[in-house]
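Subject: Handing over the structure

Dear colleague,

I am passing on the structure that you will be working with, and below it I have written out what was found. Please keep it open beside this message as you read.

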Amino acid sequence: LGYFGAATSLMYAGNVLNVALGTATTPALARLHRAGRRPLRRLLARLLVVVGGLGGAVVLVALLWGARYLALVYGPTYSHYAPELVLATIAAALAGLANMLSQTLTAMGRFETQLSINALSLVASILIGLWLIPDGGLRGAAWALVGLATTRLGIYGVAVLRSPPA
């Protein structure tokens, strides 16, 4: 678990920033939702570009300096887990986008939809974990994070696109 914690360390730092950005923008998203679909989508597109860009930058940092980061912060034996660090940062980038879409559903007042998505995500998480972790170990767990983040992003994207205007 220590190696997994190290491999996901950047992911958790990114999650804090994503939640803060999403929470800060929810009032503006709610106001624009009441104003109509076009203003809401314009702001959401900008937010997704920012979150995607930041997530992509963290993935690039992990690709270029992941082994050095792990060795410096956790010790030389952890540097072998740089591929898992990269996978975790990919998962974090995808999760950041999904979180922004989740905050958009909050702004739209689609709480029941979010509950359903979270329940479905829990089931997906269990199934993906059961599929990938037993044979894949730590790398399988990192891939499970990517799989879950991809699943959530897809479901949230469909939910936002299908949500009726205010």
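What follows goes through the helices and then a group of aromatic rings.

This is a predicted model, in which local features need pLDDT of at least 70 and side-chain atom pairs count only at pLDDT 80 or more, while totals for chains, interfaces and linings use all residues. Residues are numbered from 1 along each chain as its sequence is written, and side-chain values use heavy atoms, with hydrogens and water left out.

The helices named here are DSSP runs of H or I with at least four residues, numbered from the N terminus. For the span of a helix, the expected value is 1.5 Å times one less than its number of residues, and a bend at a residue is the angle between axes fitted to the seven residues ending there and the seven starting there.

Helix α2 covers residues 9-35, and its 27 residues reach 39 Å from the first C-alpha to the last, close to the 39 Å expected. Even so, α2 bends by about 40° at Thr26, and a proline, Pro27, follows within four residues.

A bend of about 80° is found in α3 at Trp65. Leu70 also lies in helix α3, and with 0% relative accessibility Leu70 counts as buried.

Helix α4 has 26 residues that should span 38 Å, and the 37 Å between its end C-alpha atoms agrees with this. Just after α4, Gly109 takes a positive phi of about 75°.

How do α4 and α5 pack, and at what angle? Helix α4 (residues 82-107) and helix α5 (residues 111-162) pack at about 170°, with their axes 9 Å apart, where axes are lines fitted to C-alpha atoms over the stretch in contact and angles run from 0 to 180 degrees between N-to-C directions. That makes α4 roughly antiparallel to α5, since angles over 145 degrees count as roughly antiparallel, under 35 as roughly parallel, 65 to 115 as roughly perpendicular and the rest as oblique.

Turning to the rings, those of Phe, Tyr and Trp (its six-membered ring) pair if their centres lie within 6.5 Å, and planes under 30 degrees apart count as stacked, over 60 as edge-to-face and the rest as tilted. By this rule there are four aromatic pairs. The rings of Tyr3 and Tyr78 have centres 4.6 Å apart and planes at 55°, so this pair is tilted. Tyr3 is in helix α1 and Tyr78 in the loop between α3 and α4, so the pair ties together parts that are 75 residues apart in sequence. For Tyr3 and Tyr81 the ring centres are 4.4 Å apart and the planes at 25°, so that pair is stacked. Tyr3 is partly exposed at 33% relative accessible area, and Tyr81 is partly exposed at 23%.

Conventions: Helix = DSSP H or I, 4+ residues; strand = E, 2+ residues; numbered from the N terminus. Buried < 20%, exposed > 50% of the residue type's maximum accessible area, 1.4 Å probe, protein only.
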